[in-house]
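Hi,

Here is the structure I said I would pass on.

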Amino acid sequence: MPNANNWQSDVLRDLRGTPPQQHAPDHGSAQGHAQAQSHSPAQEQHPAQQQQRPQSQEPVGAGAQPPSRNTAASPGPAAPPPRTQRPARSPDSRPVVDSALTGTARRPQRGESAAARISRAARRIVSSSTAREVAELTRTAEQIQQPVTTGRQIAVTSIRGGAGKTTVAALLGSAYAHYRHDPVLLVEADPALGSLPLRLGADSLRWTTADLADIVEPQMSLLDVTGYLVQLPDNAWLLPGSQGRIGAMLDTAAYERVMVALRRYFGVTVVDCETLPAEVARVALSAAQARVLAVPATLDGITSTYAVLQWMQGLPRHMIAGTVVALTSTTSRPGIDVEAAAEKLRSTGAAVHVLPHDRHLAAGGELRTELLARPTRLAATRLAAEVFQLSQKRR
């Protein structure tokens, strides 16, 4: 494990490949670095090759024949058993978008029209809002950049599908990766055809959350772990929930193994959960230091979310105090008074942030932050800052 006093420098050094400094080992970190060359899938040896064991090490009863009585016993201690239960074979890489569908996507558009951008720029020139905006952005960035002693885990979920939880998770992960200097991880804990890899612009998928549960070991270095992840811009990494196919659901035991093992490598981990009341989503919400509830700005969305928040008031205080509602306007003219709805939700004790309608987000393709409307970028950054501040209050 990295040094508790300077763990961020340790993981950044691992990414750059710089040899570790000589210091007293801390919870097995020296052992993990010493084994990096022999264990990392990012090195020359492929993970599938590492899974092959000599025939003499096959356990009796697992398909191998016991040694003959006439075979001379070899001197010396027996080889130790494998430390983990490796997958039977290395999974094949699959594209995020099938080649037959790539031509159906239109060119991504900006979050707001050219007329709206020009009008907004003109208002900023004649007003004094620019200085206030810069000061607020500076203050928000400083909040997001605060150091952490242990990795913060932030769970994003929703009451029903189509609420924008994956979009909110992608916005949060992009904000943390942009402002923070330590590695950021996005985990897809929704294996039923989740769209997080598509939103983050991943080209192909290979290892999944369920796969990594049988691979990750305490003595691994960051380089070992990232060999199984999808690299994203700005020192961010993605652990997909599936390969774009419906398969076995992720169980809570596998989820807990992955999250406990990965927490020490990443400053912030954003988890895109299943919709409530799925079992993994409930475990993720209870284990996370902060929670985000994605809610569409519709009457039924507000009604069901208000009922859930009232139910959470009966739980330990930190549950609702560490919950932020991301109220997303799905259309340019919502059918409700968004600000009035936000105030009603705040009355339960949860924080509420409004994400305005954005044409780029509504298109549902790859999220490109440079195409977002300025109000959307500001709102997403404020949301990321408050969620991170809440996560710092909880061990």
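Predicted model: local features only at pLDDT ≥ 70, side-chain atom pairs only at ≥ 80, totals over all residues.

Aromatic pairs first. The structure has 3 of them. One is formed by Y176 and F388, with ring centres 6.2 Å apart and 50° between the planes, which puts the pair in the tilted class. Y176 sits in helix α7 (residues 165-179) and F388 in helix α17 (residues 374-392), so this pair ties together parts that are 212 residues apart in sequence. Both of these residues, Y176 and F388, are buried.

Another pair is Y265 with F266. Here the centres are 6.5 Å apart and the planes stand at 65°, so the pair is edge-to-face; the cut-off for that class is over 60 degrees. Y265 has a relative accessible area of 2% and is buried. F266 is buried too, at 0% relative accessibility.

Now the helices. Helix α13 (residues 299-312) and helix α15 (residues 338-346) have axes that come within 10 Å and cross at roughly 15°. Angles under 35 degrees count as roughly parallel, and α13 and α15 are therefore roughly parallel to each other. The crossing of α13 past α15 is right-handed.

If you want to pick out the residues: α13 contributes I302, T305, Y306 and L309 to the contact, while α15 brings A341, K344 and L345. By type, the contact of α13 with α15 comprises 5 nonpolar residues, 1 polar and 1 charged.

Cheers

Note on methods: Residues numbered from 1 in each chain as written. Heavy atoms only, no water. Phe/Tyr/Trp six-rings, centres within 6.5 Å; stacked < 30°, edge-to-face > 60°. Helix = DSSP H or I, 4+ residues; strand = E, 2+ residues; numbered from the N terminus. Buried < 20%, exposed > 50% of the residue type's maximum accessible area, 1.4 Å probe, protein only. Axes fitted to C-alpha atoms, helices over the stretch in contact; angles between N-to-C directions. Parallel < 35°, antiparallel > 145°, perpendicular 65-115°, else oblique. Left-handed = near helix turned anticlockwise from the far one by under 90°. Contact = heavy atoms within 4.5 Å. Nonpolar A, V, L, I, M, F, W, Y, C, P; charged D, E, K, R; others polar.
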